[in-house]
Amino acid sequence: MTVSTSTRSRRLAACLMLAVGVLPLAGCSSAGDTTCSEFYDMNSDERIDVLKDLLREHDLVVYDPVNLSGVTKAVLGYCTTNPGSATLEEAVDWDSSYW
């Protein structure tokens, strides 16, 4: 069975589209896996999204100003003293009953 050049081209294009579509899913498996260096490389909107995802992952109210302020303060403080490959999950005492 011979495959025409146009068929090969279409198959290649389909594979590339699939790969590009899946690529964003291959990033961090959770916000907590984000490293401090990755966090610092993000723009402010991306950082806020990651912080909200952290709250969601721990079943906390995302739009509660105390939660947002607390997680922001904890992550920034932690990453200042633990730059590089330290993860955001380690930045917060998730068992604490208050911020």
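**Chat about a helical chain**

Modeller: From the N terminus on, the elements of the protein chain go α-α-α-α. Keep in mind that this is a predicted model.

Biologist: OK, and how many strands in the protein chain?

Modeller: Zero strands, and four helices.

Biologist: What pLDDT does the protein chain average?

Modeller: The average is 81, and 69% of the residues score at least 70. Over residues 18-26, though, pLDDT is below 50, and that stretch has zero contacts in the model beyond near neighbours in sequence.

Biologist: Noted. Switching to cysteines: how many disulfides does the count come to?

Modeller: One. Cys 36 and Cys 79 form it, with their sulfur atoms 2.1 Å apart.

Biologist: Which parts does the pair tie together?

Modeller: Cys 36 is in helix 2 (residues 36-41) and Cys 79 is in helix 4 (residues 65-81), so the pair links parts that lie 43 residues apart in sequence.

Biologist: Left-handed or right-handed, and why?

Modeller: The torsion about the S-S bond of Cys 36 and Cys 79 is about -75°, so the disulfide is left-handed.

Biologist: Are those cysteines buried or exposed?

Modeller: Both Cys 36 and Cys 79 are buried. Across the protein chain, buried residues make up 24% of the 99 residues.

Biologist: Now the rings. What lies over the face of Phe 39?

Modeller: Arg 47 does, at 5.2 Å from the ring centre. As for aromatic pairs, a search of the whole structure finds one.

Biologist: And how much accessible surface does the protein chain have?

Modeller: About 6,900 Å², with 59% of that belonging to carbon and sulfur atoms.

Methods. Residues numbered from 1 in each chain as written. Predicted model: local features only at pLDDT ≥ 70, side-chain atom pairs only at ≥ 80, totals over all residues. Heavy atoms only, no water. Phe/Tyr/Trp six-rings, centres within 6.5 Å; stacked < 30°, edge-to-face > 60°. Lys NZ or Arg CZ within 6 Å of the ring centre and 35° of its normal. Disulfide = S-S within 2.5 Å. Helix = DSSP H or I, 4+ residues; strand = E, 2+ residues; numbered from the N terminus. Buried < 20%, exposed > 50% of the residue type's maximum accessible area, 1.4 Å probe, protein only. pLDDT = per-residue confidence, 0-100. Contact = heavy atoms within 4.5 Å. Areas by Shrake-Rupley, 256 points an atom, 1.4 Å probe, with all protein chains shown as cover.
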